[in-house]
Amino acid sequence: MQRLLCRSVLACIFLIGAVGLGDAAPRADEQPDAAVVPLLDPAAMPESAIPVARAVTTSRAATSIRFPYVPQSEYLPTHTNYWEGRDGASIDHIVIHYTDISYARTLRAFNTLASDVSSHYVIRGDGHIAQIVHEADTAWHSGNVWYNRHSIGIELELDRVTNPVFTAAEYYAAAALVCAISARQGVPLDRSHVIGHNQVPGTTHTDPGPTWDWPHFMWLTSLCAPPTSASVHASFVSEKPYPDISANDAALVSVVLRNTGTTAWRKGTTQEARLGIPGNSSSLAFLSDGWPTPERPAVQQEEIVPPGGTATFSFRVKGTLSGTFVVPLRGVVDGGAWMDDLGMYTVVTVR
């Protein structure tokens, strides 16, 4: 291993933790993780020396992060310690790390050529996000060339002085960021694809460590996970008795579904669950006064329905023609992902 020559002991201090010592230049078969050099805490730095926030971005094309919690973010790119592009590799994983040093010192390390380390994002203890490397480029964060090419790295500040425990703001910011990455890159939000540094093959690192609450974090990602055909599923729970009405009378139809997918249904967002006729057919609109037509779907009554929860969909029917009508129903999340075909229907009898 090549060593640095320093003029003082302080200048040669390297902390080993979630970010460890590395070679001066990464080799194809062994890429180091993170050697870091001292940096004054921002509170002790003159204002002119504190990095100035630049244009907010989350990839080469700016995309805002949407979540119940909206974190602050800034773009502070490194000009070293990354490879441009990914050599044709797909993005298949998101790797969670902790810094073991302060946020400020981490930024310095990622901009120091001799440290040989970087990550795509760094999250400060207060939830502030800095993007260091474009998602389209390869950061040096996992110590494994294949995983670097195929993943996005996120460092969370965990430092005995500046931020000794993971904060709620870090969990929320990380979840919002992971959801946004999932939406852009198509990375499934499960523990096979969202992993810790300790899960990277060949690593000697243990981060994010035993104090990182994986179940809580994955639950948070379920609240903002993008709705797709893989993440949106439902099962039938119950339905009110089929309405039997007189002509021109109205009745209420209520259907309860359970969210059996991996993304929450959130009212008023692209994760909103709706109930209507397959194909958005309006052929049965004569039953309305509240019938879920394409322009007026029945939406979930609850504000948020996490995975495992139930949602109620209610609409009114008003008979204008006599007869018995069998009406198929199907659920859809507002983002366009169809739920499973549950064979749901309601029967309306108009006398």
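Colleague: How do the axes of helix α3 and helix α4 cross, at what angle and within what distance?
Modeller: The axes of α3 (residues 168-185) and α4 (residues 214-224) cross at roughly 50° and come within 9 Å. That makes α3 oblique to α4, where angles under 35 degrees count as roughly parallel, over 145 as roughly antiparallel, 65 to 115 as roughly perpendicular and the rest as oblique. Axes here are lines fitted to C-alpha atoms, for helices over the stretch in contact, with angles from 0 to 180 degrees between N-to-C directions. Helices are DSSP runs of H or I with at least four residues, strands are runs of E with at least two, and both are numbered from the N terminus.

Colleague: Is the crossing of α3 and α4 left-handed or right-handed?
Modeller: The crossing of α3 and α4 is right-handed, that is, the near helix is turned clockwise from the far one by less than a right angle.

Colleague: And which residues in α3 and α4 meet?
Modeller: From α3 there are Tyr171, Tyr172, Ala174, Ala175, Ala176, Val178 and Cys179, and they meet His216, Phe217, Leu220, Thr221 and Cys224 of α4. Contact means heavy atoms within 4.5 Å. By class, this contact has 10 nonpolar residues, 2 polar and no charged ones. Nonpolar covers Ala, Val, Leu, Ile, Met, Phe, Trp, Tyr, Cys and Pro, charged covers Asp, Glu, Lys and Arg, and the others, Gly among them, are polar.

Colleague: Before I go on, what should I know about the model itself?
Modeller: It is a predicted model, so local features need pLDDT of at least 70 and side-chain atom pairs count only at pLDDT 80 or more, while totals for chains, interfaces and linings use all residues. Residues are numbered from 1 along each chain as its sequence is written, and side-chain values use heavy atoms, with hydrogens and water left out.

Colleague: Good. On to the sheet: in what order do the 6 strands come?
Modeller: The order is β1-β5-β4-β7-β3-β8, in an open sheet with mixed pairing. Two strands pair if DSSP finds at least two bridges between them. β1 (73-75) and β8 are at the edges with a single partner strand each, so one side of each has no neighbour in the sheet. From one strand to the next, the twist averages 25°.

Colleague: Which strands does helix α1 touch?
Modeller: α1 (residues 103-110) packs on the sheet and touches β1, β4 (121-123), β5 (129-131) and β7. The direction of α1 makes about 165° with that of β4. In α1, 7 of the 8 residues are buried, meaning under 20% relative accessible area, with exposed over 50% and partly exposed in between (1.4 Å probe, protein chains only). Among the buried ones are Tyr103, Arg105 and Phe110.

Colleague: Why is β3 described as largely enclosed?
Modeller: 6 of the 6 residues of β3 (residues 93-98) are buried, so the rest of the structure largely encloses this strand. His93, Val95 and His97 point one way from β3, and Ile94, Ile96 and Tyr98 point the other way.

Colleague: What are the partners of β3?
Modeller: β3 runs parallel to β7 (residues 151-156), joined by 6 bridges, and His97 has Glu155 as its bridge partner there. β3 also pairs in the parallel sense with β8 (residues 194-196) over 3 bridges, with Val95 opposite Ile195.

Colleague: Changing topic, how is β19 placed?
Modeller: 5 of the 6 residues of β19 (residues 345-350) are buried, so this strand is also largely enclosed by the rest of the structure. β17 (residues 323-328) pairs with β19 in the antiparallel sense over 6 bridges, and Pro328 is bridged to Tyr345. β10 (residues 244-245) runs parallel to β19 with 2 bridges, where Thr349 is the partner of Asp244.

Colleague: Is Asp87 buried or exposed?
Modeller: Asp87 is exposed, at a relative accessible area of 70%. Asn248 has a positive phi too, near 70°, and is exposed at 52%. Asn248 lies in the loop between β10 and β11 (250-259).
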